[in-house]
2 protein chains.
Amino acid sequence: MAQKPSIPKGTRDFSTTEMAKRNYIFNTIKEVYALYGFQQIETPAMENLSTLMGKYGEEGDKLLFKILNSGDFMHGMTGEEVANTSTLRLASKFCEKGLRYDLTVPFARYVVQHREELTLPFKRYQIQPVWRADRPQKGRYREFYQCDADVVGSESLLNEVELMQIVDTVFTKFGVRVCIKINNRKILTGIAEMIGQADKIVDITVAIDKLDKIGLDAVNAELADDGIPADAIEKLQPIINLSGTNAEKLQTMKTVLADSEIGLKGVAECEYILSKLGDLNNQIELDLTLARGLNYYTGAIFEVKALDVQIGSITGGGRYDNLTGIFGMPGLSGVGISFGADRIYDVLNQLDLYPQEAVNATQVLFVNFGEAEADFCLPILATLRKAGIRSEIYPDSVKMKKQMAYANAKQIPFVAIVGESEMAEGKVNLKNMITGEQSMVSPSEIASVIG
Amino acid sequence: MAQKPSIPKGTRDFSTTEMAKRNYIFNTIKEVYALYGFQQIETPAMENLSTLMGKYGEEGDKLLFKILNSGDFMHGMTGEEVANTSTLRLASKFCEKGLRYDLTVPFARYVVQHREELTLPFKRYQIQPVWRADRPQKGRYREFYQCDADVVGSESLLNEVELMQIVDTVFTKFGVRVCIKINNRKILTGIAEMIGQADKIVDITVAIDKLDKIGLDAVNAELADDGIPADAIEKLQPIINLSGTNAEKLQTMKTVLADSEIGLKGVAECEYILSKLGDLNNQIELDLTLARGLNYYTGAIFEVKALDVQIGSITGGGRYDNLTGIFGMPGLSGVGISFGADRIYDVLNQLDLYPQEAVNATQVLFVNFGEAEADFCLPILATLRKAGIRSEIYPDSVKMKKQMAYANAKQIPFVAIVGESEMAEGKVNLKNMITGEQSMVSPSEIASVIG
């Protein structure tokens, strides 16, 4: 017992300061989601393994945290049977439930399970932790929050438009300058069609993405290494060299993809979305190298990069055509977005962008000099709290120094000092902890000085 | 795949309406906690089993959800070894982690683990789900939220006073009339000492608690059945018959417990707490039958009963002397409170006490008649959202009836209708969905009509 207790690797405690900052992030995102008519749902931490297995690939299945069945999880298996069964099979025998791995699959399950209660289009957001048995490393945790918003049951591109506006509004509120990158899976499909290399589209985008870093010749060499034939590489040149404004890029792509129906559809979708955005505070950039790993995207895809911090994508999303098909409800299109709360947290920390009022907790601490003084303070505290001022009295009448240290540690901006002379005057000595200034004020004036 | 997906028994999905109501509850409690200087922390869902095991009794150990180690959880055990090991031992071999069972043990672990970073007294609140492999039944879930606040590192009774004020404020905000019951473990210890039946104190409080229902004779008979000697029952009569105001009850107890130092201390603590509360909106009642199950309480204990709904205790808490001793940090006293969010949810539902603004989501829906009309609406939506009005445009230009059904299903109070004539006039036809009233307003007037 003497050993200091600890928490599982890859998990975190959040201190009061960290929570204040995280709440600021989550509340800002929630508020913007709500401004656009999204409503919150929550799903259980545990899902049936039958819901989760097979949805994240073979690797994903291994990364699911599985929960041991309670009671007799062996249900009569003999030692011999156990010895003759693979670990993965045993896990399925011993466990019926697992912790959710993301919010997308539980959302799909939710939509199918509650289809009769839902009015489509369904605009939901969800902010909950997910768990992955990944090897922990810097910036990668086994428990982390996702903040997703999705619209399902509408194919309108206005949904994409609004999601881009949400991204712009959220990062404007945070004060983080970002570049919103958009692309369209249909354009990528069109490119693959055009050069007859449907299976190479990821290799192609990866290679093109290196243009700035390694130059055109090296990109072309890499494409050749990837097994792309010379004529296909030739056809890719206008795409690799694509530049100019979004309108110019789209104009070029119309020419390049003139023979691909699906490619042109992707271009038209991009044009539509860009034309309806209105005034954004952040730049939005068509980026054909944006592919996003997830195979279920079928239309617009987007990603957000912070401009002033070196960090991976801090938000992403896209359009999918068949989220719920796997649960027996095909043909439901949707589009979604996911803010990367942990990375946004790091960005706001690095740029020191937390507003003071978001991080501040208690506004005034009353020093405790003993029972008579505390009795004088208690009704004042009650009045302040009624006025919405976050107020504390130090619970014990210990040395002043200790009480002031407490105020400093909690970064409380005002300390109210009430001793005999203040009580005699019916006043409070209010100390501004930042300027050091002290003033005698009547109890009724405190709120206006602090507030 | 055709089978409708489901969730593990004892768990719940929360719909948008349920979440709005739950958020109202959590936000109200959070706000009041913050008014009293409590700050939020969060701990991981998973704790090491070494942290959790043995803290909740033998029964509790069985109710822990254990997480199968990832990878080769058998770590080389042979079939024979498996066959010769008990299920409980195997569970410990296969699992290093478990889901948290309450917020108290993780909090104790947190305090010990982070002792160097903390300034005492530490006033924290924590609102997170907990998991118990209990048999699910009406009102009992395998995943549910707890909302705890605790102060550790201060023995001052002002903490108890403030927790009672918090309870009073929270239920006043909810509009729920409650009775706050308080007692003190020291009084119960005093009673047990007085009659020489230290181990019978729970039986005694259970029997006394039935006075109203079964009458004095039956209570005395039950005490005798419990093995309490006649002379002890005789001594208990003033306690069983205790009545009057809190002051009168305390006066009686001073006489009854005159020979018990610890009993008198409990009485004095109650007196002190009651004398410092100030004006409460709810009644507070000294109730000697209040024992609370948890053995770790050592001083004041309290529970809250709703007056207008038949339901068990909706909030409870108390003073403990040695929360962190089990993790090697003895002597840290604390006092805490826990709001029962699920029961409070039921109470507010039954009494229909949710304020409309807490449940309302989108404030205005713009009907979508096509691209030209949508183009007219989009800048208006942008302006409204900047003004903080939660606004939507129906994403697809489908039949009006379907769009109005959507507004009704989401209980959106205003619908903005923009067709050719409205566009020609540069106005919006704003329909109040509750009164049915329609009026032509200019875009700049919408916010003031809705807001």
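Guide: A salt bridge here is a side-chain nitrogen of Lys or Arg within 4 Å of a carboxyl oxygen of Asp or Glu. Keep that rule in mind for this predicted model.

Visitor: How many salt bridges does the rule find across the interface of chain A and chain B?

Guide: It finds 12 salt bridges there. One to look up joins A:Glu392 to B:Lys123, whose closest N and O atoms are 3.4 Å apart. As for polar contacts, 40 residue pairs make them between chain A and chain B, counting pairs with both residues at pLDDT 80 or more.

Visitor: Which kinds of residue make up the side of chain A that touches chain B?

Guide: That side divides into 46 nonpolar, 27 polar and 24 charged residues. The contact takes 97 residues from chain A and 98 from chain B. Together the two chains bury about 8400 Å², with 59% of it on carbon and sulfur atoms.

Visitor: Let's turn to the sheet in chain B. In what order do its 8 strands lie?

Guide: First, the general idea: strands of a sheet pair through backbone hydrogen bonds, either parallel or antiparallel. In chain B the order is β1-β5-β6-β11-β10-β9-β7-β8, an open sheet with mixed pairing. Its edge strands, β1 (39-40) and β8 (283-286), each pair on one side only.

Visitor: How many bridges join β7 of chain B to β8(B)?

Guide: There are 4, and the two strands run parallel. Within this pairing, B:Lys181 has B:Glu285 of β8(B) as its bridge partner.

Visitor: And which strands does helix α13 of chain B touch?

Guide: Helix α13 (residues 261-276) packs on the sheet, touching β7, β8 and β9 of chain B. Its direction makes about 145° with that of β7(B).

Notes:
Residues numbered from 1 in each chain as written. Chains lettered and ligands numbered in written order. Predicted model: local features only at pLDDT ≥ 70, side-chain atom pairs only at ≥ 80, totals over all residues. Heavy atoms only, no water. Pairing = 2+ DSSP bridges. Contact = heavy atoms within 4.5 Å. Axes fitted to C-alpha atoms, helices over the stretch in contact; angles between N-to-C directions. Buried area = accessible area lost by both parts, 1.4 Å probe. Polar contact = N/O pair within 3.5 Å; in protein donor to acceptor, adjacent residues only side chain to side chain. Nonpolar A, V, L, I, M, F, W, Y, C, P; charged D, E, K, R; others polar.
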